Amino acid sequence: MLKIVVPATVILIGLQLAAWAFKEGPYPNVTGGFGEQSCHLCHLDNPINAPGGSVKLDGIPSVYAAGQTYPITVTIARGGLRRGGFEIAARFSGGKQKGKQAGVWKPLDARVQLIPGAVDKVLTFVQHNLAGSRVAAMGANTWTIDWTAPSAPAAPVQFNVAANASNNDDSPLGDYIYVKMVRSTPAK
């Protein structure tokens, strides 16, 4: 009996801790960009970008000026959303710097955090934290972060975001993942 109860207890405790960890923010490198996985890696029972919800990126300029700071807003929306999370990255989309960090992120409040890449520690991801996963009203969650464009623009910048419209049941099931990619070109 102990051979069954002890492992089952460990698994159940582990699942609860894992669920809590994602409320704090996902692993790095899950924006869905540059051949990487998205949050769909764990929250996989619904299709990516399922009808009935969306992720929006506002504030990304079609053309960026070197060293200019832009407020970037990420919004996840879906009926029934009780918690929401996201992860975003800005990388050069071509040239010798392809896939490398482009510009600098700056949190504007205590609802987001910066984390280094899993492989390339210079790569910076912005994501929600525990406070940032809480929604003010069911159905949507929004975060704004400052992004300062590269001082020496080498190529267009690609922004990849993955966002989770969560049902807040402490499991990866029943959630909806939305991904989006937007590019910004350097001013001539």
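In what order do the six strands of the open sheet with mixed pairing stand? The order is S2-S10-S9-S4-S7-S6, in a predicted model in which local features need pLDDT of at least 70 and side-chain atom pairs count only at pLDDT 80 or more, while totals for chains, interfaces and linings use all residues. Residues are numbered from 1 along each chain as its sequence is written, and side-chain values use heavy atoms, with hydrogens and water left out.

The protein chain has an average pLDDT (the predictor's confidence in each residue, from 0 to 100) of 88, and 88% of the residues score at least 70. Over residues 6-21 pLDDT stays under 50, and the model has four contacts beyond four places in sequence for this stretch; contact means heavy atoms within 4.5 Å. Where pLDDT is low, the predicted coordinates should not be read in detail.

Two helices and 10 strands make up the secondary structure of the protein chain. Helices (H or I, at least four residues) and strands (E, at least two) are DSSP runs, numbered from the N terminus. In that direction the elements run α-β-β-β-β-β-β-β-α-β-β-β. Of the 188 residues in the protein chain, 41% are buried, where buried means under 20% relative accessible area, exposed over 50% and partly exposed in between (1.4 Å probe, protein chains only). Among contacts between residues at least 6 apart in sequence, 71% join residues at least 24 apart.

In the six-stranded sheet, two strands count as paired if DSSP finds at least two bridges between them. Strand S2 (63-64) and S6 stand at the edges with a single partner strand each, so one side of each is left without a neighbour in the sheet. Strand S9 (residues 157-166) pairs with strand S10 (residues 176-186) in the antiparallel sense over nine bridges; within this pairing, Gln-158 stands opposite Arg-183 in S10. Strand S4 (residues 83-92) and S7 run antiparallel and are joined by two bridges. S6 and S7 are also antiparallel, with five bridges between them, and Val-112 stands opposite His-128 in S7.

Strand S7 is mostly covered, with four of its five residues buried. Gln-127 lies in this strand (residues 124-128) and counts as buried at 2% relative accessibility. Its position is opposite Glu-87, and the side chains of Gln-127 and Glu-87 make a polar contact at 2.8 Å. A polar contact is a pair of N or O atoms within 3.5 Å; within protein, one must be able to donate a hydrogen and the other to accept it, and residues adjacent in sequence count only if both atoms are side-chain atoms. Not counting residues up to four places away in sequence, Gln-127 touches Glu-24, Gly-25, Pro-26, Tyr-27, Phe-86, Glu-87, Arg-111, Val-112, Gln-113 and Ile-115.

Ala-110 is placed in the loop between S5 and strand S6 (112-116). Ala-110 is exposed, with a relative accessible area of 61%. Leaving aside neighbours within four places in sequence, Ala-110 is in contact with Asn-129 and Ala-131. The C-alpha atoms of Ala-110 and Ala-131 are separated by 7.5 Å, although the two residues are 21 residues apart along the chain.

Another open sheet is formed by four strands in the order S1-S3-S8-S5, with antiparallel pairing. Its edges are strand S1 (53-58) and strand S5 (104-107), each with a single partner strand, so one side of each is left without a neighbour in the sheet. From one strand to the next the twist averages 25 degrees; axes are lines fitted to C-alpha atoms, for helices over the stretch in contact, and angles run from 0 to 180 degrees between N-to-C directions. Strand S3 (residues 69-78) and strand S8 (residues 140-148) pair in the antiparallel sense over nine bridges, and Tyr-70 has Trp-147 in S8 as its bridge partner.

The structure holds zero disulfides, a disulfide being a pair of cysteine sulfur atoms within 2.5 Å. The closest cysteine sulfur to that of Cys-39 belongs to Cys-42 and is 8.4 Å away, too far for a bond. Cys-39 counts as buried at 10% relative accessibility, whereas Cys-42 counts as partly exposed at 27%.
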